[in-house]
Amino acid sequence: MPTEHEMAVTHLRECLGFACRMVAESDEPVIVTRYRKGIVAIVPLWEWRFFKELEADIRAGRRRLIEVEEKSAETAEG
């Protein structure tokens, strides 16, 4: 699992370009915080598209959630 970086929304306002470049180059998400609580995540575009496609497949019945969980477990094991 990739490392997450946290960044306060007030700080993000000042360095959005840097944060976006960091996510794009490292594939590590940035968790945006407000009042020290995570509110959103900035993730690489390929990852967001992957999860949207996966969600659409599950909703359309092309995949079952249990299949996704099993494949994820197999990948994690080796």
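Predicted model: local features only at pLDDT ≥ 70, side-chain atom pairs only at ≥ 80, totals over all residues.
User: Which residues are the buried ones in α2?
Analyst: Helix α2 covers residues 16-26, and its buried residues are Ala19, Met22 and Val23. Viewed down the axis of α2, these buried residues fall within an arc of 95 degrees, so they line one face of the helix.
User: And what does the face turned away from the buried side carry?
Analyst: That face of α2 carries the exposed residues Gly17, Ala24 and Glu25.
User: What comes after α2?
Analyst: The helix is followed by Asp27, which has a positive phi, near 60 degrees.
User: Switching to β2: is Thr33 buried or exposed?
Analyst: Thr33, which is found in strand β2, is buried, with a relative accessible area of 9%. Leaving aside neighbours within four places in sequence, Thr33 is in contact with Glu6, Met7, Ala8 and Val9, as well as with Gly38 and Ile39.
User: New topic: how many aromatic pairs are there in the whole structure?
Analyst: A search of the whole structure finds one aromatic pair. The ring centres of Phe50 and Phe51 are 5.2 Å apart and the ring planes are at 70 degrees, so the pair is edge-to-face.
User: What's the relative accessibility of Phe50, and of Phe51?
Analyst: Phe50 counts as partly exposed at 41% relative accessibility, and Phe51, at 46%, counts as partly exposed too.

Conventions
Residues numbered from 1 in each chain as written. Heavy atoms only, no water. Buried < 20%, exposed > 50% of the residue type's maximum accessible area, 1.4 Å probe, protein only. Helix = DSSP H or I, 4+ residues; strand = E, 2+ residues; numbered from the N terminus. Arc of directions from axis to C-beta. Phe/Tyr/Trp six-rings, centres within 6.5 Å; stacked < 30°, edge-to-face > 60°. Contact = heavy atoms within 4.5 Å.
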